[in-house]
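Please look at the sequence and the structure below, and keep both in view while reading the report that comes after them.

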Amino acid sequence: MSTEPVLVAARRTPIGTAGHGFAGRTVTDLAAPVLAAVAGALRDAGIDAPVDDVVLGNCLGPGGDPARVAALQAGLGTEVPGVTVDRQCGSGLEAVIQAALRVRSGADELILAGGAESARPAPGGFCPPAAGAGPVRYTRAPFAPPGFPDPDMGVAADDLARVRGISRERQDEYAARSHTLAAAADFTAEIVPVAGVGRDERIRRGMTTARLARLRPSFGPDGTATAGNSCGISDGAAVVAVTTPRLAAGLPALRIAATAVAAGDPALPGLGPVPAIRKVLRRAGRTVSEVGVVEITEAFASVVLAVADELELDESLICPEGGAIAMGHPWGASGAVLLTRLASRMLRPDGPELGLAACAIGGGQGVAMLLERTA
């Protein structure tokens with residue numbers, strides 16, 4: 001009996017702009033309705049197997065194990081456990097990887113996995129004290145220890161553009177494409193409305209290169225990353241069911257062909273997806289030319305373009321209905337949002353055989369997953 005993991009019933013909330021439609025909602029308020037919707041889709045399909053676990057990625061870390069709290073809030077039952085994982089911007093994808101490995105091992109048959117993020121201001125944390133000094137309050141957790149480069153992601157995106165010769169004009173052209181494609185797309189089938197919000201809040205029509213060119217650099221006077229060619233700070237959640245082919249029989253499903261994590265120079269975290277993608281393709285015995293659609297978290301245009309250049313990716317295959325530049329980047333959820341977008345694209349009658357999801361992560365990490373149509 002095959003235990004090769006498959007994905008079914010991918011759903012997500014709308015992606016909300018921080019401080020707007022979801023301003024009064026906690027991370028579990030966002031995750032619970034999506035968990036309930038995925039569980040409901042499984043019941044409607046005749047799958048009555050117990051949920052072995054809920055695995056959710058989360059970046060800001062409010063404490064209290066949001067996955068378990070959200071599972072209870074979703075009405076999954078007191079017998080359903082939950083665990084929260086943190087690989088920063090790759091957390092949603094990491095959660096699905098962990099679920100897939102457990103299903104592949106035969107230990108579990110059905111896990112609900114994904115990610116959730118509420119960007120509401122969190123209480124300040126403290127860095128561990130240096131020798132002879134007291135603790136230092138931080139505005140974001142460190143991505144690397146003292147002695148290593150630890151740039152903010154926007155500053156790192158500017159550095160990457162300079163190092164790789166990616167011009168402001170090229171970044172704005174890519175961003176205009178993302179905005180235009182997202183504005184033309186219909187995401188209704190994958191969205192679970194929450195708190196009266198039924199559509200992605202950040203998407204704007206008419207974002208041309210001329211309009212984008214008027215925006216000032218966001219992270220320094222000589223930088224090229226702007227509010228228009230970078231993602232927005234966002235809220236949202238996304239969940240998929242990870243299960244076996246036996247339980248998924250008759251449902252539209254995608255096989256998890258391979259997964260990978262990798263790491264490199266923390267000074268240039270935007271290149272993190274490159275070794276992860278190479279590793280995942282090598283593990284699957286595939287080449288980049290065989291991939292029909294690619295979803296990369298569009299945290300910054302320079303990041304996507306640097307990865308595309310390094311791997312010789314066809315840019316027309318990347319985020320073909322727009323990405324985080326247009327839609328927003330709910331950090332801990334974004335990796336699972338990529339899978340939801342891949343499922344929507346690949347499960348169409350004319351969908352591609354292979355799809356790739358990848359995230360860049362602060363500190364120089366990357367995570368990737370390769371999906372394959374089962375029929």
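**Basis of the description**

The structure is a predicted model, in which local features need pLDDT of at least 70 and side-chain atom pairs count only at pLDDT 80 or more, while totals for chains, interfaces and linings use all residues. Residues are numbered from 1 along each chain as its sequence is written, and side-chain values use heavy atoms, with hydrogens and water left out.

**The whole protein**

The secondary structure comes to 10 helices and 12 strands; helices (H or I, at least four residues) and strands (E, at least two) are DSSP runs, numbered from the N terminus. A compact globule of 375 residues would have a radius of gyration near 21 Å, and the 20 Å of the protein agrees with this; the radius is taken over C-alpha atoms, and the globule rule is 2.2 Å times the number of residues to the power 0.38. Along the principal axes, the C-alpha atoms fill a box of roughly 55 × 55 × 40 Å.

Of the 375 residues, 55% count as buried, where buried means under 20% relative accessible area, exposed means over 50%, and partly exposed lies in between (1.4 Å probe, protein chains only). Among the contacts with a separation of 6 or more, 79% are accounted for by residues 24 or more positions apart, a contact being heavy atoms within 4.5 Å.

Strand β5 (residues 110-117) is largely enclosed by the rest of the structure, because eight of its eight residues are buried. In a regular strand the side chains alternate between the two faces of the sheet. In β5 both faces are covered, with L110, L112, G114 and A116 buried on one side and I111, A113, G115 and E117 buried on the other.

| Strands | Sense | Bridges |
|---|---|---|
| β3 (residues 53-57) and β5 | parallel | five bridges |
| β5 and β8 (residues 234-243) | antiparallel | eight bridges |
| β10 and β11 (residues 354-361) | parallel | four bridges |

G57 has G115 of β5 as its bridge partner, G114 stands opposite V239 in β8, and V293 stands opposite G355 in β11.

Helix α8 (residues 301-311) is mostly covered, with nine of its 11 residues buried. The buried residues are A301, S302, V303, V304, L305, A306, V307, A308 and L311, and what covers them includes α4 (153-164), α5 (168-184), α7 (273-284), β10, α9 (324-327) and β11.

The loop between α8 and α9 holds both E312 and I318. Is E312 buried or exposed? At 70% relative accessibility, E312 counts as exposed, whereas I318, at 0% relative accessibility, counts as buried. Leaving aside residues up to four places away in sequence, I318 touches Y174, R177, V294, V304, A308 and L313. I318 and V293 are 25 residues apart in sequence, and their C-alpha atoms are 6.3 Å apart in space.

Most residues other than glycine have a negative phi, and most peptide bonds are trans.

A333 has its place in the loop between α9 and α10 (334-346) and counts as buried at 0% relative accessibility. Which residues does A333 touch, not counting residues up to four places away in sequence? A333 touches G115, A116, E117, G236, A237 and A238. A333 and G115 are 218 residues apart in sequence, yet 3.9 Å apart in space, C-alpha to C-alpha.

Technical notes. Pairing = 2+ DSSP bridges.
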